[in-house]
Amino acid sequence: MLVLDPKTLAPATEQRVILYDVTWEQYEQLSDIFVDEFPRMTYLEGTLEIIMTNSPEHERLKTIIARLIETYAFERLINLNGYGNTTFRREAVRRGAEPDECYCLGLLAEVPDIVIEIALTSGGVDKLEVYRGWQVPEVWFWANDQFSLYHLRESGYELISSSEFLPELDFSVLSQYVGYVNQTEAVIAYRSILQTATGMSNQ
């Protein structure tokens, strides 16, 4: 039986509904039926979180962060390839989700190396537990105007200070450009910083 959680119906920046006791078959059906209606669904072992609407701020952050990371990869000649917010579903581990952004180092693989999540609200399905089931190596969260990075170990995700895939990426510098109103200006300014750092290292 599907049980609606009334706590999730209060007005919020991102309208969220959580359903419990959802079978895998029901999740697949809902995901296929509403693929064009709801921006994100996250499924974890019978619990289904549906984001009814994405806020403009969520979409702005998702877009600017992706542009900045891709600028970094371009300037550093890193072979980074993205899936965007592709739906990943795996019945064997009873998990499914659409990451805000995700990337592979090198060729695109079945599971991304890096997943990025914009966390504007708390609560809901445990995203780290979803990605642990997929064995996603790294998950980056943007929350409270800063990044939190997690790398998967045998015992679960560990909070880390720098990416193990992109160890030279300075997230404190990257974060300074996320708040720019003009995204193109942010990319140009960040690219200039990266080029200056390259020039200094070559001297």
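For counting residue classes here, Ala, Val, Leu, Ile, Met, Phe, Trp, Tyr, Cys and Pro are nonpolar, Asp, Glu, Lys and Arg are charged, and the others, Gly among them, are polar. With that in hand, on to the pocket.

In this predicted model, the largest pocket has a volume of about 280 Å³. Its lining takes in 18 residues, and Arg-16, Ala-119, Thr-121, Gly-123 and Lys-127 are the ones that lie nearest the centre. Strand 4 (47-51), strand 9 (114-118) and helix 3 (127-134) are the elements that give two or more residues to that lining. Sorted by class, the lining of the largest pocket has 7 nonpolar, 4 polar and 7 charged residues.

Now for the backbone. Most residues other than glycine have a negative phi.

How far can you trust the coordinates? The protein chain has a mean pLDDT of 89, with 91% of its residues at 70 or more. Residues 1-12 are another story: pLDDT stays under 50 there, and the model has 21 contacts beyond four places in sequence for this stretch. Where pLDDT is low, the predicted coordinates should not be read in detail.

How values were computed: Residues are numbered from 1 along each chain as its sequence is written. This is a predicted model: local features need pLDDT of at least 70, side-chain atom pairs count only at pLDDT 80 or more; totals for chains, interfaces and linings use all residues. Side-chain values use heavy atoms; hydrogens and water are left out. On a 1 Å grid over the protein atoms alone, a cavity is a set of points where a 1.4 Å probe fits but cannot get out, and a pocket is an open set with protein on both sides within 12 Å along at least five of seven lines; lining residues have an atom within 4 Å of a point. Grid points are joined across faces, edges and corners, and a volume is the space filled by probe spheres set on the points. Helices (H or I, at least four residues) and strands (E, at least two) are DSSP runs, numbered from the N terminus. pLDDT is the predictor's confidence in each residue, from 0 to 100. Contact means heavy atoms within 4.5 Å.
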